[in-house]
Amino acid sequence: MSRVVVSFAGLVDALERLLGADHVSTNPDRLELASSDFSEIRLSRAAVLVQPGTTADVAELLKLASVATVPVVVRGGGMSYTLGYAPRDATAILIDMSRFDQIEINEDSRILTVGAGTSWASIDAALAGTGLALRFRGTLSGSRATVGGGLGNNATGLGQGDISNDLLGIEVVLPDSRVIQTGARAIDPDLPGVRHSSPDLTGLFINDAGVFGVRTKVSFRLSRAFSCVSSAVFTFDEPEPLVEAMCAASRLDIASEIMSFCNYHHRVFAAQPGASGKEAKRLAQAIGRQAGGGLRGALRLARLLNPRALTGLVDAPYSVMINCDAFDAVTANRHIRAISRIVRRFGGKRKSPALAYGLRAQPFVPISSLILGMNKECSIPTNCTVPMERARELQRSAYEFFARNRSNMERYGVTHTYLMLVLGNSFGMEPIIYWKDSVSPLRLNVSAPEEREALASCPARPEARAFALDLRQRLVSEVCDPLRGAHFQLGKFYPLKTALASPDNWTILQDIKDVVDAKGLMNPGGLGMG
């Protein structure tokens with residue numbers, strides 16, 4: 001059979017006929033921005049950006065890509081720092097899923113179905129006032145980060161567990177253009193009930209870096225929203241007892257969130273401008289709801305608005321924030337008291353819970369504060385998660401790694417800090433590396449408008465950047481790999497093939513890839529495939 005030859009102009013023309021010219025772009029500046037992530041590693045610029053609006057659109061454009069033998073990469077909210085959606089090939093079609101932002105709430109059956117391009121902040125807003133909740137609330141970057149991208153990265157962060165906890169099923173367009181439903185959606189896409197009522201393929205599309213298909217719709221199980229939360233914040237002078245306290249508190253199985261911060265973050269929080277006007281009113285209402293209203297809510301608001309509430313953490317080396325949710329204040333308070341006894345046993349000093357109140361009421365922080373340091377440095381995180389019994393070992397290994405590299409870090413002006421959290425039976429650490437450098441177009445694009453002029457003039461420091469990226473790579477190989485640490489957001493950065501316990505696991509994954517994507521066109525390089 002002779003190979004079909006399709007010119008680039010012919011492909012673009014076909015895409016415009018399918019989607020409309022307004023949803024197809026070959027603008028170089030737009031493509032450059034959309035093809036970049038926060039890894040500071042440049043691969044290629046995609047040839048064309050498309051914005052499908054329906055599942056049928058996605059299936060048809062994948063057919064066009066297959067005929068033309070052109071790679072396809074899917075982009076969600078653009079928050080990747082592991083080359084997740086960065087195209088390896090300059091001929092690639094980049095699929096922007098932003099038009100898939102529909103939200104359907106079935107209150108009778110407690111089912112939430114959303115388009116894969118829906119942001120976590122949009123879901124939070126849609127559920128407000130329904131009395132229902134998604135226990136996993138999303139990521140700190142949830143004002144932009146999307147559900148589809150979160151599935152491709154096994155998102156975690158805010159609320160309980162990770163994105164898969166209450167997942168019912170996914171609609172996926174395979175690279176060969178077949179449309180499948182997974183989990184409960186496989187039986188009834190309109191009213192998905194029991195996820196495991198048949199052999200479940202859902203897990204294949206979690207943390208897959210988008211190599212097995214394009215997620216278009218996602219269904220979750222909703223729960224009755226907790227009416228009260230009780231919070232506590234403790235400070236520590238050393239990391240070892242902090243880690244022990246976090247794990248011990250988690251073993252009580254009554255906390256919704258356990259997350260720790262370093263002194264750097266305390267200074268960032270304290271420097272944030274206070275809310276005013278409409279935002280202050282919204283914040284007050286949210287805090288009142290968390291506290292169950294009345295005097296309790298008023299007291300929380302007074303604590304939060306106290307100018308010393310966050311500045312009281314500035315001198316503390318470490319803090320841990322703990323939230324306990326319940327359907328009544330008595331239970332929430334009883335749980336936080338039980339946890340407080342545990343944390344104090346490890347030397348934790350209780351402080352104002354204003355930080356916890358603020359993050360609960362306003363969970364999705366400005367993106368610029370995540371991708372730029374306090375002094376406008378570039379930043380890049382690395383995550384590693386281990387079973388709780390290896391928590392201290394991970395903490396010690398990471399601290400020893402940065403101690404070994406201290407002199408060169410000082411030479412290049414590179415600094416670091418840590419976020420830590422407990423996820424069920426696992427302990428997660430996210431060291432963040434900072435360095436002074438020119439600001440990439442993507443970082444500039446998500447920065448506050450009033451900061452862009454100053455950021456655009458930051459001088460390039462290629463030596464510092466090269467050292468920081470090498471430091472990050474060695475952090476994975478010298479700290480995470482020996483402990484068999486798991487990673488969220490695998491993308492094209494974290495090794496998977498060598499991390500798997502058995503080579504047969506990789507063989508099976510590759511076999512599936514070969515069946516659904518015989519030409520290897522779906523995000524080549526993702527997971528180290530193709």
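1. Basis of the note. The model is predicted, so local features need pLDDT of at least 70 and side-chain atom pairs count only at pLDDT 80 or more, while totals for chains, interfaces and linings use all residues. Residues are numbered from 1 along each chain as its sequence is written, and side-chain values use heavy atoms, with hydrogens and water left out.

2. Cavities. Rolling a probe the size of a water molecule over the atoms shows where empty space is left. A cavity here is a set of points, on a 1 Å grid over the protein atoms alone, where a 1.4 Å probe fits but cannot get out; lining residues have an atom within 4 Å of a point. Grid points are joined across faces, edges and corners, and a volume is the space filled by probe spheres set on the points. The count is two cavities of 30 Å³ or more.

3. The largest cavity. Its volume is about 50 Å³. The lining consists of Arg137, Leu158, Gly159, Glu257, Met259, Met321, Asn323, Ala356, Leu359 and Arg360. Two or more lining residues come from each of strand E9 (158-159), strand E15 (257-262), strand E16 (318-326) and helix H12 (354-361); helices (H or I, at least four residues) and strands (E, at least two) are DSSP runs, numbered from the N terminus. H12 gives the largest share, three residues. By class, the lining of the largest cavity has five nonpolar, two polar and three charged residues. In this classification Ala, Val, Leu, Ile, Met, Phe, Trp, Tyr, Cys and Pro are nonpolar, Asp, Glu, Lys and Arg are charged, and the others, Gly among them, are polar.

4. The second largest cavity. This cavity holds about 40 Å³ of space and is lined by Thr382, Cys384, Leu394, Ala398, Met429, Pro431, Leu475, Val479 and Cys480. Helix H14 (391-404), strand E21 (426-435) and helix H18 (462-480) each contribute at least two of the lining residues, and the largest share, three residues, belongs to H18. The lining of the second largest cavity divides into eight nonpolar, one polar and no charged residues.

5. H14 and H18. Two packed helices are described by the angle between their axes and the distance between the axes. The axes of H14 and H18 come within 10 Å and cross at roughly 140°; axes are lines fitted to C-alpha atoms, for helices over the stretch in contact, and angles run from 0 to 180 degrees between N-to-C directions. H14 and H18 are therefore oblique to each other. Angles under 35 degrees count as roughly parallel, over 145 as roughly antiparallel, 65 to 115 as roughly perpendicular and the rest as oblique. Leu394, Ser397, Ala398, Phe401, Phe402 and Arg404 of H14 meet Leu471, Arg474, Leu475, Glu478 and Val479 of H18, where contact means heavy atoms within 4.5 Å. Seven residues of this contact are nonpolar, one is polar and three are charged.

6. H1 and H3. Helix H1 (residues 8-19) packs with helix H3 (residues 55-68) at an angle of about 170°, their axes being 10 Å apart. H1 is therefore roughly antiparallel to H3. On the H1 side Leu11, Ala14, Leu15, Leu18 and Leu19 meet Asp57, Glu60, Leu61, Leu64 and Ala68 of H3. The contact of H1 with H3 has eight nonpolar, no polar and two charged residues.

7. H6 and H11. H6 and helix H11 (residues 329-345) pack at about 150°, with axes 9 Å apart, which makes H6 roughly antiparallel to H11. Ala245, Ala248 and Ala249 in H6 meet Ile339, Ile342 and Val343 in H11. The residues of this contact comprise six nonpolar, no polar and no charged.

8. Asp237. This residue lies in the loop between strand E14 (228-236) and helix H6 (239-250). Asp237 and Ser319 are 82 residues apart in sequence and 8.7 Å apart in space, C-alpha to C-alpha. Leaving aside neighbours within four places in sequence, Asp237 is in contact with Pro317, Tyr318 and Lys349.

Note on methods
1 Å grid on protein atoms, 1.4 Å probe; cavity = no way out; pocket = protein on both sides within 12 Å on 5 of 7 lines; lining within 4 Å.
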